[in-house]
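Dear colleague,

I am passing on the structure that we talked about, and I would be glad if you could read the notes below with the coordinates open beside you. They begin with the annotated positions and then move on to the domains and the sheets.

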Amino acid sequence: MTTATLDAFLVSYAGDAEGLRAAVASTIRHLSMTAVKIRNTINQGALGRAFNGSHNSRNADGDAQKDLDVFADDMFLDAMRHAPLALYGSEELDQPVVLDPRAPLAIAIDPLDGSSNIDTNVSLGTIFSILPVAGEPVGEPVASFFQEGRRQLAAGFFIYGPQLALVLTVGSGTHIFVFSTRLGTFVQAYSGIAIAPRTQEFAINAANYRQWDEAVRLYIDDCMQGTEGPRAKDFNMRWIASLVAEAYRILVRGGVFLYPGDKRKGYGSGRIRLVYEANPIAFLIEQAGGAATDTVNPILDLIPQNMHQRVPLVFGSAREVQRIGRYHTEPSNIGERAPLFSNRGLFRA
Ligand SMILES: O=P(O)(O)OC[C@H]1O[C@](O)(COP(=O)(O)O)[C@@H](O)[C@@H]1O
Ligand SMILES: [Mg+2]
Ligand SMILES: [Mg+2]
């Protein structure tokens with residue numbers, strides 16, 4: 001039996017012809033070579049020495065930049081100069097960089113996701129979204145990033161975990177490739193992942209409970225009541241504080257992730273950035289049969305207004321994501337809600 005490699009997958013996707021697909025395939029090859037270098041740097045043990053400090057600067061969203069954030073951004077920017085890309089937009093840069101203005105693609109990237117975990121040896125990642133160039137890339141180097149997520153040509157993330165893996169969609173299913181150190185290449189591990197539509201597992205930063213709006217609090221309350229509440233089943237909770245790690249888990253065993261807006265200053269739209277975090281994750285999740293919303297509307301239908309804008313994000317098992325939407329839009333009609341549980345303000349109407 002032949003091993004299905006990332007390269008073979010990209011060859012069959014792109015075919016022989018030049019064009020957008022060939023450009024997407026070439027960009028993914030450059031990304032994957034860079035991810036291997038970053039993984040090698042992480043594995044050298046330098047994390048606790050050269051990379052454990054803050055860079056003494058803040059990115060456009062106000063986050064303190066860690067050295068590894070900046071290192072990863074430099075590595076990807078350098079590599080992307082050799083890919084057929086007109087624009088490179090990054091979490092770590094205020095404005096996108098113009099690369100080759102004649103090239104057909106733009107990339108939006110979170111070079112290092114989960115960087116609050118760098119010191120704790122928890123999985124980190126790189127999230128990317130590949131879009132067709134739109135508008136005038138030189139005069140207005142943001143127009144390409146202000147397209148709805150449905151226009152993405154490809155999206156994915158690398159996860160620097162116990163295994164180095166690439167989770168990828170080019171618009172026909174979501175696939176996982178794991179890097180084989182023996183073969184020196186990414187090998188397909190899962191093809192056409194299907195997220196279970198129902199789940200008993202949720203992921204949310206529960207420390208923000210008092211800051212959430214009532215719909216989110218009631219949803220979580222109902223899960224927490226388990227078999228004694230309106231859901232009539234027990235739930236499990238996870239919070240890794242690493243979007244890539246949560247997304248990977250949900251892809252392989254179902255579940256739901258919530259980072260809603262809350263009352264903290266600056267958190268009215270949550271914490272996750274639309275262009276280079278929510279959009280690529282939503283594309284991967286929808287391609288795996290799941291759903292991704294801003295609590296109500298599909299993420300992929302939103303038109304970004306700002307390179308670094310935040311968006312409330314709920315994604316995972318489709319039925320559960322729809323249910324969370326109903327807590328926001330029709331709270332008094334939640335299916336299993338017994339009269340016993342209808343004594344709270346939102347449900348009395
Ligand atoms: O620390 P919090 O508020 O729980 O937020 C955790 C979230 O923030 C993020 O780390 C944001 O990503 P960055 O590390 O790229 O800023 C997500 O990976 C994660 O889900
Ligand atoms: Mg991130
Ligand atoms: Mg980041």
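In an unreviewed entry, UniProt lists Asp113, Gly114, Ser115, Ser116 and Asn205 under "binding site"; UniProt positions are in the numbering used here, feature names are shortened, and annotations may be inferred rather than shown by experiment. Please keep in mind that this is a predicted model, in which local features need pLDDT of at least 70 and side-chain atom pairs count only at pLDDT 80 or more, while totals for chains, interfaces and linings use all residues. Residues are numbered from 1 along each chain as its sequence is written, and chains are lettered from A and ligands numbered from 1 in the order in which they are written.

**The annotated positions**

Gly114 sits in the loop between strand E5 (105-113) and strand E6 (124-132), where helices (H or I, at least four residues) and strands (E, at least two) are DSSP runs numbered from the N terminus. Gly114 counts as buried because 22 other C-beta atoms lie within 10 Å; the cut-offs are 20 or more other C-beta atoms within 10 Å of a residue's own for buried, 12 or fewer for exposed, and anything in between for partly exposed, with C-beta atoms placed from the backbone. Ser116 belongs to the loop between E5 and E6, but is partly exposed, with 14 C-beta neighbours inside 10 Å. Neighbours within four places in sequence aside, the contacts of Gly114 (C-beta atoms, placed from the backbone, within 7 Å) include Val122, Ser123, Ala241 and Ser242.

The unreviewed entry in UniProt also lists Asp110, Asp113 and Glu277 under "binding site". These three span 168 residues in sequence, yet no two of their C-alpha atoms are more than 8.6 Å apart, so they gather at one spot. Asp113 is part of strand E5 and is buried, with 30 C-beta neighbours inside 10 Å, whereas Glu277 lies in helix H6 and is buried with 27 other C-beta atoms within 10 Å. Not counting residues up to four places away in sequence, Asp113 touches Glu277, and among its other contacts are Leu124, Gly125 and Leu243. Leaving aside neighbours within four places in sequence, Glu277 is in contact with Asp110, Asp113, Ile127, Leu243 and Ile272.

**The two domains**

The domain assignment, whose bounds come from an automatic or database source, gives domain 1 (6-190) and domain 2 (201-348). Their contact takes 35 residues from domain 1 and 30 residues from domain 2. On the side of domain 1 that touches domain 2, E5, E6, strand E7 (154-160) and strand E8 (164-169) each supply at least two residues, and the largest share, five residues, comes from E6. By class, that side has 15 nonpolar, 14 polar and six charged residues, where Ala, Val, Leu, Ile, Met, Phe, Trp, Tyr, Cys and Pro count as nonpolar, Asp, Glu, Lys and Arg as charged, and the others, Gly among them, as polar.

**The sheets and the helices on them**

Eight strands form an open sheet with mixed pairing, in the order E4-E3-E5-E6-E7-E8-E9-E10, two strands being paired if DSSP finds at least two bridges between them. Strand E4 (97-98) and strand E10 (185-190) are the edge strands, each pairing on one side only. Strand E9 (residues 174-180) runs antiparallel to E10, joined to it by five bridges, and Phe179 stands opposite Phe186 in E10. Helix H3 (residues 67-80) packs on this sheet, touching strand E3 (85-90), E4, E5 and E6, and its direction makes about 155° with that of E5; axes are lines fitted to C-alpha atoms, for helices over the stretch in contact, and angles run from 0 to 180 degrees between N-to-C directions. H6 packs on the sheet as well, touching E3, E5, E6, E7, E8 and E9, with its direction at about 85° to that of E6.

Another open sheet, of mixed pairing, has five strands in the order E12-E11-E13-E15-E14. Its edge strands are strand E12 (236-238) and strand E14 (291-293), each pairing on one side only, and neighbouring strands are turned by 15° against each other on average, direction ignored. Strand E11 (residues 201-203) runs parallel to E12, with three bridges between them, and Glu201 stands opposite Asn236 in E12. Helix H6 (residues 274-287) lies across E14 and strand E15 (313-316), running at about 150° to E14.

With best wishes

Technical notes:
Two residues are in contact if their C-beta atoms, placed from the backbone, lie within 7 Å.
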